Amino acid sequence: MTIPEPAPHDNLRVAWIRSRMQLLADVRDELSRSQPFAGHRIGMSLHVEPKTAVLVETLAAGGAELVGTGNFGSTQDDVVDYLNSLPGITIHGRRDDTIEQHEANIAAVLDGAPDIILDNGGDLVAGLVARGTTDTVIGGTEETTSGGDRLRSELDGAVPFPVIVINDSLLKAIGENRHAVGQSAVESFMRITNAMVPGRRFVVFGYGWCGRGVAQYLRALGGRVAVVDPDELKAFEAAFDGFRVGRADDFAEWGDVFITATGRPGVLTYDVIERMKDGAIVGNVGHFPWEIDVAALRARATSTTELGPALDRIDLPNGRHVVLLADGRMFNLAGSEPRGNSIESMDLGFLLQTLSLVRVVTDPTSLSPGPQGVPDDIERTIARRILAVLDSSS
């Protein structure tokens, strides 16, 4: 593949990543001719990093105006500045925003009156429901496990427009959630801590697609891995995949490193943390910073010491200490020098986003109100495109 020279205004990191996202490059050419988003404004809440910028460029090439914000703690400021230099694009938010500022950014996106929603964690849809302005939106997409759960629980029956849940896609589950999250979590753990994986004991909370990937990649590098999942079928699968399986209490004193990947709040409690061995490391790769009870941990700490970027030593009343990664935020995107999931996996995931949004605007009657999976024909089209890019037959 020929790597194009960056344009004079380019962010060089965005230019490099754009050159490696062949799936989006092909569809960008198609959309620039068909202009399916002309006359539409997309409201976006996503992790703002270089791969997201390529998605935004692709949607803009299809005629969209876009107003958006990053997710709490993962925004990369140089990418915000780059996107705001492009016509028809407004991005709110900075990396060091407080949670209150992040909520104000969500409100600012909704104030921009988007008629299409590109959501991550359900924040924008929840805001529309709270405002009573769902009738202004024709449809949208949701990226995450956490957001899909939110649409089907807290927001069940309250969303009158179609929301395609990208996380329901088998392509995303395999390519992004298992392999890319697995790879980025392990790579980020090693980069942030400079610690060794082989021989170390890891406890992974959750055996959904992300948890599977984290456990798989840790074991591939020589880690000793246990899995905690209250779902009997998930625990069964983990056991048959060769992992130790049990409750959090069973592994509190066994583990060296504890990683949450569930999408659910409060799965790693202070009661478990205070039983951990001295120097245990605790981190999260789920979307929201709520899987670890960081508030209780910090409230009961006798002292806290910043050891480095995204690395805090927290001393406990029992004389032991734990090391917390990225303040409980997803450490593969909110840690030091964050890179997130691999370029290729996000090329796949963002093509799912793009073609699903095209379906929302060009054939809305084929979709039902509320959350739903990616249409099968879109999945199969993308699978064929991926195989062509991989040239897997040679």
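What follows is a short chat about a predicted model of a protein chain.

Reader: What makes the protein chain as compact as a globular protein of its length?
Author: Start with the make-up: the chain has 16 helices and 15 strands. Its radius of gyration is 21 Å, and the globule rule gives 21 Å for 394 residues, so the chain is as compact as a globular protein of that length. Along its principal axes, the C-alpha trace spans about 65 × 55 × 45 Å.

Reader: How many of the residues are tucked away, and what share of the contacts link residues 24 or more positions apart?
Author: Buried residues make up 57% of the 394. Among contacts with a separation of 6 or more, 67% are between residues 24 or more positions apart.

Reader: Why is Ser169 called buried?
Author: Buried means under 20% relative accessible area. Ser169 comes in at 0%, so it counts as buried. You'll find Ser169 in the loop between strand E6 (162-165) and helix H8 (170-193).

Reader: How do you know that the side chain of Ser169 makes a polar contact with the side chain of Glu379?
Author: The cut-off for a pair of N or O atoms is 3.5 Å, and this pair of side chains is at 2.5 Å. A polar atom of the Ser169 side chain also lies 3.1 Å from the backbone nitrogen of Leu171. Not counting residues up to four places away in sequence, Ser169 touches Leu352, Val374 and Glu379.

Reader: And why is Gly373 called partly exposed?
Author: Gly373 has 34% relative accessibility, so partly exposed is the label for Gly373. Gly373 sits in the loop between strand E15 (370-372) and helix H16 (376-390). Leaving aside neighbours within four places in sequence, Gly373 is in contact with Ile164, Val165 and Asp168.

Conventions. Residues are numbered from 1 along each chain as its sequence is written. This is a predicted model: local features need pLDDT of at least 70, side-chain atom pairs count only at pLDDT 80 or more; totals for chains, interfaces and linings use all residues. Side-chain values use heavy atoms; hydrogens and water are left out. Helices (H or I, at least four residues) and strands (E, at least two) are DSSP runs, numbered from the N terminus. The radius of gyration is taken over C-alpha atoms; the globule rule is 2.2 Å times the number of residues to the power 0.38. Buried means under 20% relative accessible area, exposed over 50%, partly exposed in between (1.4 Å probe, protein chains only). Contact means heavy atoms within 4.5 Å. A polar contact is a pair of N or O atoms within 3.5 Å; within protein, one must be able to donate a hydrogen and the other to accept it, and residues adjacent in sequence count only if both atoms are side-chain atoms.
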